[in-house]
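Take a walk through this model, starting with its rings and moving on to its strands. Keep the sequence beside the structure as you read.

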Amino acid sequence: MKALKITVALGLFLCLFFNLALAQVQKGELLKGKTVSAEVAPKEEHRYSVNLEKNQFAFFKLMQEGVDVKISTYTPQGKKIAEFDSPNGNNGAELFALKSDEKGKYVVEVTPLEENESKGKYTITLKLVKPKALTLGDQVDELFAPWDNKDSPGAAIAVVQNGTIVYKKGYGMANLEYDIPNSPSTVFHIASVSKQFTAFSILLLEKAGKLSLDDDIRKYIPEVPDFGKTITLRHLATHTSGLRDQWNLLAMAGWRLDDVITKEHVLKLISKQKALNFNPGEEFVYCNTGFTLLAEIVARVSGQSFAEFTQANIFSPLKMKSTLFYDDHEKIVKNRAYSYHENNGYKKSVLSYANVGATSLFTTAEDLSLWAVNFGNPAVGDSALIRKLNTLAVLNNGKTFGGALGQFVGKYKDLNEIQHGGADAGYRSFLTRFPDEKFSVVVLSNAAEFNSGDMAHKVVDIYLKDKIKTEPVVTAKKEESPKTAGVSVDQATLNTYLGDFELQPGFNISISSNNGQLSGQATGQPAFVLSPLSNTEFTVEGVDAKVEFVPNGGDKVNTLKLHQSGRIMDAQRIKDFDKTAVNLAEFSGSFYSEELSTTYDFVVVGGKLMAQHSRHSDFELQPLKKDMFSGQAWFFGQIEFVRDANNGITGCKVTNGRVRNLYFKKL
């Protein structure tokens with residue numbers, strides 16, 4: 001229920017299943033159409049029974065009112081079926097379902113996740129009971145049942161097999177104000193899924209002999225500063241340029257991400273930068289800036305706007321009639337879905353971007369299916385161009401990292417997969433392709449709480465059931481209860497894991513424990529919870545990721561390892577530091593960045609060092625170690641103060657996940 005947005009692509013939400021001695025409260029039976037209200041304390045777990053016949057599908061809605069809960073479902077024998085946990089904090093809806101394989105009394109368990117001691121209320125309703133789906137299409141409809149109503153935003157999907165759309169449908173509403181439903185022809189903003197079209201455009205120009213992927217960016221855009229290192233178009237298209245990310249820079253400069261942000265705004269900001277995050281080709285760090293620059297190169301080389309070039313060379317030839325790059329925030333787009341987020345009911349998520357390349361492609365599930373088909377039977381480009389687009393990028397050290405040109409290449413349940421997701425405002429999109437199976441899934445949503453990647457993979461599981469690799473199922477012994485069937489980690493061991501770990505400059509993970517629940521918090525982000533796989537490994541549920549602690553002979557561990565997408569990233573413990581001894585007043589003052597043309601005031605308020613900006617809400621700077629603070633804002637992750645020869649503070653360097661060491665001078 002707590003969203004975690006971090007630069008290593010943990011665009012995700014987390015669940016927890018520990019062996020806790022909670023007060024179990026039997027709450028009775030849930031009946032179809034009857035709403036039950038309850039108040040739950042932090043150390044309670046509420047258990048409801050649901051009587052189902054064999055092969056039934058049941059759909060539930062739980063409304064949180066000041067309490068953050070997770071829901072677990074169990075078979076009549078006590079075997080855990082699934083957990084549900086949406087990123088909407090302690091208010092809003094939890095939508096979940098269960099399917100019966102046999103007749104019996106199933107269990108729904110509600111457990112609070114908040115770490116405070118206050119009680120909270122919720123209501124729970126069994127909304128629907130019907131026969132379990134048999135056809136593939138009906139099984140997909142079951143997946144999307146929580147969104148298939150007239151009261152919420154939702155999604156549109158398309159399933160492509162052997163060059164043909166075999167299933168398509170819309171769920172929920174495209175516009176809540178005018179009661180317009182989503183459909184496969186509804187136009188969505190698809191955010192970062194746009195990037196593969198930008199890379200494809202560059203390859204079309206390369207094929208025409210008008211540029212090369214290995215050209216220097218400054219050949220086409222001399223406004224990009226000379227950093228003393230050559231940045232190629234290939235670096236831009238593979239997130240290996242070292243350039244600072246445009247969104248992080250804009251936020252640091254005082255912009256809201258729902259402001260009108262144009263190409264000119266981004267280019268001016270890039271032109272003022274004085275340093276790179278790293279030398280080009282040395283690392284992979286996701287960077288939107290590169291794709292904005294690539295789109296500008298397409299425009300300058302072709303003599304057309306990027307929107308005009310893509311329309312003429314991609315969308316029109318593929319008959320993608322409802323697709324366009326949206327470079328004018330005032331432009332009217334017919335059949336457009338608007339985006340929403342949930343906060344005590346649905347609210348509009350405003351998106352006013354007027355920049356293209358990294359984002360801002362408007363398209364439909366039907367049109368995006370035509371794009372997916374083109375990879376297997378090219379009508380635009382050719383097989384050689386597509387192979388280049390799909391080929392893994394290589395770092396200077398010869399290693400790959402899962403990134404190709406504007407997309408990612410890897411495995412899903414032992415099948416070769418090429419995919420990319422996107423998230424802007426309340427839009428959530430995902431396009432995944434399985435070239436060996438000639439199979440693709442498109443999922444587009446206008447709800448911020450929607451996990452498009454997870455839903456797309458569940459559709460894959462339905463259609464490729466006979467081809468995917470499944471892990472052997474380990475069942476609990478009948479005499480074991482659901483809570484004792486899992487892994488238990490003693491508190492003494494957990495205590496050795498607690499502390500702050502630096503994953504990369506400006507991005508730390510703080511590990512804490514509350515009543516045996518291990519949790520973490522990334523710099524400037526909400527907390528997340530972890531589930532034990534063993535004494536040293538903890539899963540990040542909902543994605544293919546886990547956290548591993550390296551034992552240190554019973555002492556505090558010094559290294560944490562994050563496993564995700566085939567990569568293992570080490571985070572080293574930050575040494576213990578007496579934060580109470582810090583003289584906060586020493587770090588107060590006004591700090592100006594020439595690269596951002598903006599000033600922050602650091603002031604001590606109520607015993608806390610607060611950062612103040614004319615356009616941002618105040619946020620705290622917390623001591624981390626000597627002369628280093630952690631900022632409680634996602635764009636102000638880590639602040640390292642700089643001293644002169646007389647030990648006086650002359651400035652500070654600010655780092656977040658996609659911007660490193662941006663200098664502010666003390667005025």
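A charge sits over a ring if NZ of Lys or CZ of Arg is within 6 Å of the ring centre and within 35 degrees of the ring normal. Arg433 meets that rule over the face of Phe375, at 3.5 Å from the ring centre. Lys195 lies over the face of Phe291, at 5.7 Å from the ring centre.

The model is predicted: local features need pLDDT of at least 70, side-chain atom pairs count only at pLDDT 80 or more, and totals for chains, interfaces and linings use all residues. Residues are numbered from 1 along each chain as its sequence is written, and side-chain values use heavy atoms, with hydrogens and water left out.

How confident is the predictor? pLDDT is its confidence in each residue, from 0 to 100. The mean pLDDT of the protein is 90, and 91% of its residues reach 70 or more. Over residues 1-21 the pLDDT is below 50. Beyond near neighbours in sequence, that stretch has 97 contacts in the model, a contact being heavy atoms within 4.5 Å. Residues 472-485 also stay under 50. Their contacts beyond four places in sequence number 15.

Now the ring pairs. Rings of Phe, Tyr and Trp (its six-membered ring) pair if their centres lie within 6.5 Å; planes under 30 degrees apart count as stacked, over 60 as edge-to-face and the rest as tilted. The whole structure holds 37 aromatic pairs. Phe144 and Tyr171 are stacked, because their ring centres are 4.7 Å apart and their planes stand at 10 degrees. Helices (H or I, at least four residues) and strands (E, at least two) are DSSP runs, numbered from the N terminus. Phe144 lies in the loop between helix H1 (136-143) and strand E10 (155-161), and Tyr171 in strand E11 (residues 164-171), so the pair ties together parts 27 residues apart in sequence.

Phe315 and Phe325 make a tilted pair, because their centres are 6.1 Å apart and their planes at 35 degrees. This pair links helix H7 (residues 306-315), which holds Phe315, to strand E16 (residues 324-325), which holds Phe325. Elsewhere, one aromatic cluster includes Phe587, Tyr600, Trp634 and Phe664.

Return to H1. Its buried residues are Gly137, Val140, Asp141 and Glu142. Their cover includes strand E4 (56-65), strand E7 (91-99), strand E9 (120-131), E10, E11 and helix H10 (452-463).

E9 also has strand partners. Two strands pair if DSSP finds at least two bridges between them. E4 and E9 run antiparallel, joined by 10 bridges. Strand E2 (residues 35-40) is antiparallel to E9 too, over 6 bridges. Ile124 of E9 is the bridge partner of Leu62. Ile124 is also the bridge partner of Val36.

E1 pairs with strand E3 (residues 44-52) in the parallel sense, over 6 bridges. Ser49 in E3 is the bridge partner of Glu29.

Methods. Buried < 20%, exposed > 50% of the residue type's maximum accessible area, 1.4 Å probe, protein only. pLDDT = per-residue confidence, 0-100.
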